[in-house]
Amino acid sequence: MQSQDGHSGIEVTENQSKKKAQRINNPVRPRLLSLKQAAQHLGVTDWQMRTLVWNGVIPVVQFPNGRKMYFDIVDLDLLINRNKTTN
């Protein structure tokens with residue numbers, strides 16, 4: 001049975017399911033993360049994250065007149081890749 005637009009109800013449902021699945025599989029990731037989010041991304045504590053900043057291991061983004069630290073997810077991923085080992 002076809003609807004007035006010439007499509008069966010099944011086709012529309014399949015297309016809607018595909019679109020919904022694409023949204024679930026392709027979430028939008030923010031570019032900058034807070035200290036807490038960055039620490040979770042790396043699997044370390046907030047204080048370990050601060051130590052990485054203080055030791056110059058990872059760059060931090062701070063806006064003018066701002067105290068809050070933000071971390072570029074690209075830098076976090078580079079840190080992960082640089083510290084991979086095979087044993």
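Biologist: What sits over the ring of Trp47?

Modeller: The charged end of Arg50 does, 4.7 Å from the ring's centre. Keep in mind that this is a predicted model.

Biologist: How many aromatic pairs does the count come to?

Modeller: The count comes to two aromatic pairs. Take the rings of Trp47 and Trp54: their centres are 6.1 Å apart and their planes stand at 50 degrees, so this pair is tilted. Planes under 30 degrees apart would count as stacked, and over 60 as edge-to-face. Both Trp47 and Trp54 are exposed.

Biologist: Now Gln48. Where does Gln48 lie?

Modeller: Gln48 lies in helix H3. Its relative accessible area is 41%, so Gln48 is partly exposed. A polar atom of its side chain lies 2.8 Å from the backbone nitrogen of Thr45.

Biologist: On to charges. How many salt bridges does the structure hold?

Modeller: Start with the general idea. Side chains of opposite charge can pair when their charged atoms come close. This structure holds one salt bridge. The side chains of Arg31 and Asp72 form it, at 2.7 Å from N to O. Arg31 is in the loop between helix H1 (9–25) and E1, while Asp72 is in strand E2, so the pair ties together parts that are 41 residues apart in sequence.

Biologist: Is Asp72 buried or exposed?

Modeller: Asp72 has a relative accessible area of 11%, so it is buried. The cut-offs are under 20% for buried and over 50% for exposed.

Biologist: What does a side-chain oxygen of Asp72 reach at the start of H4?

Modeller: That oxygen comes to within 3.0 Å of the backbone nitrogen of Val74.

Biologist: Stay with H4. Which residues are buried there?

Modeller: Helix H4 spans residues 73–82, and Ile73, Leu76 and Leu79 are buried in it. They cover an arc of only 120 degrees around the axis, so they are on the same side of H4.

Biologist: What do the buried residues of H4 pack against?

Modeller: They pack against E1, helix H2 (35–42), H3 and E2.

Biologist: Let me look at H2, then. What does Leu42 touch?

Modeller: Leu42 has its place in helix H2. Leaving out residues up to four places away in sequence, it touches Met49, Leu52, Leu76, Leu79 and Ile80. Look at Ile80 in that list. Leu42 and Ile80 are 38 residues apart in sequence, yet 7.6 Å apart in space, C-alpha to C-alpha.

Biologist: And E1? Is Ser34 buried or exposed?

Modeller: Ser34 is found in strand E1, residues 32–34. Its relative accessibility is 15%, so Ser34 counts as buried. Beyond residues up to four places away in sequence, Ser34 touches Lys68, Met69, Tyr70 and Phe71.

Biologist: Last, the backbone. What is phi of Asn65 near?

Modeller: The general idea first. Most residues other than glycine have a negative phi. Now the case here. Phi of Asn65 is near 60 degrees, a positive value in a residue other than glycine.

Biologist: Where does Asn65 lie?

Modeller: Asn65 lies in the loop between helix H3 (46–54) and strand E2 (70–72). With 86% relative accessibility, Asn65 counts as exposed.

Terms used: Residues numbered from 1 in each chain as written. Predicted model: local features only at pLDDT ≥ 70, side-chain atom pairs only at ≥ 80, totals over all residues. Heavy atoms only, no water. Helix = DSSP H or I, 4+ residues; strand = E, 2+ residues; numbered from the N terminus. Buried < 20%, exposed > 50% of the residue type's maximum accessible area, 1.4 Å probe, protein only. Contact = heavy atoms within 4.5 Å. Phe/Tyr/Trp six-rings, centres within 6.5 Å; stacked < 30°, edge-to-face > 60°. Lys NZ or Arg CZ within 6 Å of the ring centre and 35° of its normal. Polar contact = N/O pair within 3.5 Å; in protein donor to acceptor, adjacent residues only side chain to side chain. Salt bridge = Lys/Arg side-chain N within 4 Å of Asp/Glu carboxyl O. Arc of directions from axis to C-beta.
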